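Welcome to this structure. Take a moment to look it over, and then let us walk through some of its features together.

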Amino acid sequence: MSILSLFVVIPVLMLLGLWVARTLNQVRGVMVVGSTCLLALSGWLTLEFIHLREIGETAPMLFTYSVEWFKPLNIAYSVGVDGISVVMLLLSSVIVFTGTFASWQLKPLTKEYFLWFTLLSTGVFGFFICTDLFTMFMFYEVALIPMYLLIGVWGSGNKEYAAMKLTLMLMGGSALLIIGILGIYFFSGATTMNVLEIAQMHNIPVETQKVFFPFIFIGFGVLGALFPFHTWSPDGHASAPTAVSMLHAGVLMKLGGYGCFRVAMYLLPDAAQELSWIFLILTTISVVYGALSACVQTDLKYINAYSSVSHCGLVLFALLMMTKTACTGAILQMLSHGLMTALFFALIGMIYGRTHTRDVRKLGGLMKIMPFLSVGYVIAGLANLGLPGFSGFIAEMTIFVGSFEVAGTFHTACTVIACCSIVVTAVYILRVVGKILFQEVADPHYLQLTDATWDERFSVCCLIFCVAALGMAPLWASNVIADGVAPILSVINS
């Protein structure tokens, strides 16, 4: 059995531990031990991956393992990781670990909440390690289904509507995916569903590729907040509990960009070349529309939700440029945005838990009342608008430099328009920071509020450290990601 299988085994053991836990402390203990093991495993995997590449290991995927599962359809449990998978596993483990502490005080039904939270995490980890189309899709569904209950039961606001809207739209995307996956399998003439083997065959007719490419790209794009299929995202973010918002925006939406690149563009490269202009228009709209929409919101969660639409649109935008620099920037953006948005949603949840409002118009003077949370919010905001020294700057700069490498008026125009989102982002971030933190105290009752507890401080500090560390020392991540991007681009651009 591959070491990668532990990314599925550990969450399953956590589920069993939660099932037999009887007290709140036992539930918390299971989550802390399990999430710490996942974080340690992903850290070890990253270091080992870097070491193997340094000593000359050239296989496109490392730690591979495959065992036949269902012979009639040639389905296998196949796992392996490249540079892209490694950083996504590291991101996922950081979010699960910090999300555990962000949910430390959650009540009621704490045990049941963590059961569904862990099941969602199982799907996420399984998706990133699998190289078989069917098992990837299976774990993809495992990651989506718990969202309905996590939002519908433990959420806030119009949670039933948000949960149902999210479920229906993502299941619609899944329906498109299964059509596309079966189309690839049957029309490629493959005797396997292994992604690497299908990509090496490269014998799907161009016209057939053009039929199935939109199914897969839109199917994954729905989760990646592709315009106009993004409308589930703001409502889902706004209604989800804190740690679910962190995992949802920080990791779950990254499944969309990962799938678009790993499956749609890698396996259907000719269609990707011919149809990319259509999706470039849609992603450019996503980038600008998300930023402009964030400017007019008054709810802190909606502001961050529309900001996520913009930043995730930037991921798909860069992938469609199909240059090594732009695609490396896209994966860096996935990593950076995952950390930044998790930090934002954690802080917003902590502020809401004290003030019982997310309305910007009703908040003010928080820097005097809860300085730790306020400083954290300032740092998250500066990272989000791309201040040098934080992860957002290096990711966005890599994307735009790579995008300008593509010749042609159309691509240049799209890049210039997307660049304008940086200005808009600065507008809504600085406006909110100035209003809720530095103006006069909006309500005298706020003076009685307390600052962050130890568990909240620990979660926030971990995320701030990761955002700053990636921003100041990005080369290791860039090299690891470029290692995974290069083989896929060689197929796409061949």
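The largest nonpolar core holds 179 residues, and the members that touch the most others in it are Phe213, Phe261, Met265 and Tyr377. Helix α15 (residues 324-355) gives the most to this core, with 18 residues. Keep in mind as you explore that this is a predicted model.

Which residues does Phe261 contact, leaving aside its neighbours within four places in sequence? They are Ile84, Tyr266, Leu319, Cys327, Val485, Ile488, Leu489 and Ile492.

Next, have a look at Thr122, which sits in helix α4 (residues 110-129). Is Thr122 buried or exposed? Its relative accessible area is 6%, and buried means under 20%, so Thr122 is buried. Not counting residues up to four places away in sequence, Thr122 touches Val8, Pro11, Leu15 and Phe139.

Just after α2 comes Gly56, which takes a positive phi of about 105°.

Finally, how confident is the prediction? The protein chain has a mean pLDDT of 87, and 100% of its residues reach 70 or more. The table shows where confidence in the protein chain is lowest and highest.

| Helix | Residues | Mean pLDDT |
|---|---|---|
| α11 (lowest) | residues 242-252 | 78 |
| α1 (highest) | residues 6-20 | 92 |

Note on methods
Residues numbered from 1 in each chain as written. Predicted model: local features only at pLDDT ≥ 70, side-chain atom pairs only at ≥ 80, totals over all residues. Heavy atoms only, no water. Helix = DSSP H or I, 4+ residues; strand = E, 2+ residues; numbered from the N terminus. Core = buried A, V, L, I, M, F, W, Y, C linked by side-chain atoms within 4.5 Å. Buried < 20%, exposed > 50% of the residue type's maximum accessible area, 1.4 Å probe, protein only. Contact = heavy atoms within 4.5 Å. pLDDT = per-residue confidence, 0-100.
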